[in-house]
Amino acid sequence: IGAPLGRCPCPPGETKASEWTARADAALYAAKAAGRGVAIAYSENQDRARRERVALEDRVRAAMERGHAPLLFIVLADTRTGAACGLEAVLDFEGDGRAELSEHKLDTLLSDPRLAGEAALWTIGSALDQVAKQPDLAAHINVTSRILQSDEAAEAIIALVDRSGMRSNRVVIEAPSAFVFAHLDAVAPRIALWREAGFSVVLDSFGVGPFSIDGLQRLKVNGVKIAAGLAKEATGQGGGPRILAGLIAIAQGFGLQIFTTAADSHAEWTRLAALGCTRAQGRAVSTLMTIDAVRAHMAALRKTDPAAQSATAPAPRV
């Protein structure tokens with residue numbers, strides 16, 4: 001058993017225990033960020049970071065009270081037909097169209113674990129409600145390691161899907177593969193629960209971090225999403241294509257769909273499709289879009305010749 005530690009001597013002249021412990025708490029979060037088994041002393045920079053976290057938590061609570069999470073969407077397309085087939089929601093918390101503070105980053109910045117869990121479910125619920133109104137596309141839902149460790153959160157996602165009115169076969173859960181393989185026994189029940197509910201489960205960032213054949217056999221997931229760095233290497237020179245081809249061969253041996261995030265050009269789209277990737281996202285498919293922009297594009301497609309919706313690669317840029 002190990003633990004990170006934060007320590008702080010009593011500030012000179014300080015009579016409030018709450019301020020003393022708050023400073024030690026700031027040092028503790030610095031120790032957590034540095035890794036396990038670390039002891040760190042308090043500094044003023046940590047106190048500044050603590051105040052920023054408190055301010056962020058206040059902003060998150062206020063945003064949750066206002067309603068739906070501010071989201072942008074990334075389109076996924078079928079590499080065999082070029083047709084749009086799914087939407088991945090990205091949290092645009094700053095509202096600047098760049099979505100740099102994703103739900104995963106937000107989860108690590110929030111010191112209140114209950115608030116972090118609520119914020120993750122708030123984001124997921126908002127995404128489901130919006131994608132449910134676009135019946136042609138599946139909803140790709142990113143789950144954090146926090147959700148993967150909670151039966152309550154896993155069941156809450158099922159309830160959110162029911163509330164949205166979306167059919168379960170239109171929901172794709174994307175779980176971080178490194179965390180899943182590193183904590184296989186702990187997360188397997190949640191993945192099994194989602195599979196029993198009818199959701200597809202995809203292992204995100206596949207090929208980076210821990211990996212096991214036994215894990216793939218036990219989890220019975222539906223697909224893997226190749227880590228962006230590996231996919232980029234596969235479109236260049238050197239051994240990248242061979243490494244990716246090996247990973248894809250393993251996944252295909254289990255009958256899994258192969259997703260990729262690195263289709264940023266016609267050449268990358270073509271190369272990744274040739275290697276066996278069946279679903280792709282990236283700038284060759286679309287930029288970040290509001291749900292209204294997605295709906296307008298899909299409506300325009302439906303007004304055209306249906307054959308135009310099944311054009312060969314590259315995917316229609318959305």
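1. The model is predicted: local features need pLDDT of at least 70, side-chain atom pairs count only at pLDDT 80 or more, and totals for chains, interfaces and linings use all residues. Residues are numbered from 1 along each chain as its sequence is written, and side-chain values use heavy atoms, leaving out hydrogens and water.

2. H6 spans residues 151-164. Helices are DSSP runs (H or I, at least four residues), as are strands (E, at least two), numbered from the N terminus. At the other end, Ser-150 caps the N-terminal end of H6. Its side-chain oxygen lies 3.4 Å from the backbone nitrogen of Glu-152.

3. Which residues of H6 are buried? They are Ala-153, Ala-154, Ile-157, Ile-158, Leu-160, Val-161 and Ser-164. Buried means under 20% relative accessible area, exposed over 50%, partly exposed in between (1.4 Å probe, protein chains only). The face turned away carries exposed Glu-152, Asp-162 and Arg-163.

4. The structure holds two aromatic pairs. Rings of Phe, Tyr and Trp (its six-membered ring) pair if their centres lie within 6.5 Å; planes under 30 degrees apart are stacked, over 60 edge-to-face, the rest tilted. Phe-181 and Phe-211 are edge-to-face, because their centres are 5.5 Å apart and their planes at 80°. Phe-206 and Phe-211 are also edge-to-face, at 5.4 Å and 85°.

5. Phe-181, Phe-206 and Phe-211 form one aromatic cluster. Phe-206 is buried at 0% relative accessible area. Phe-181 is buried at 10% relative accessibility, while Phe-211 is partly exposed at 36%.

Terms used. Expected span 1.5 Å × (residues − 1). Polar contact = N/O pair within 3.5 Å; in protein donor to acceptor, adjacent residues only side chain to side chain.
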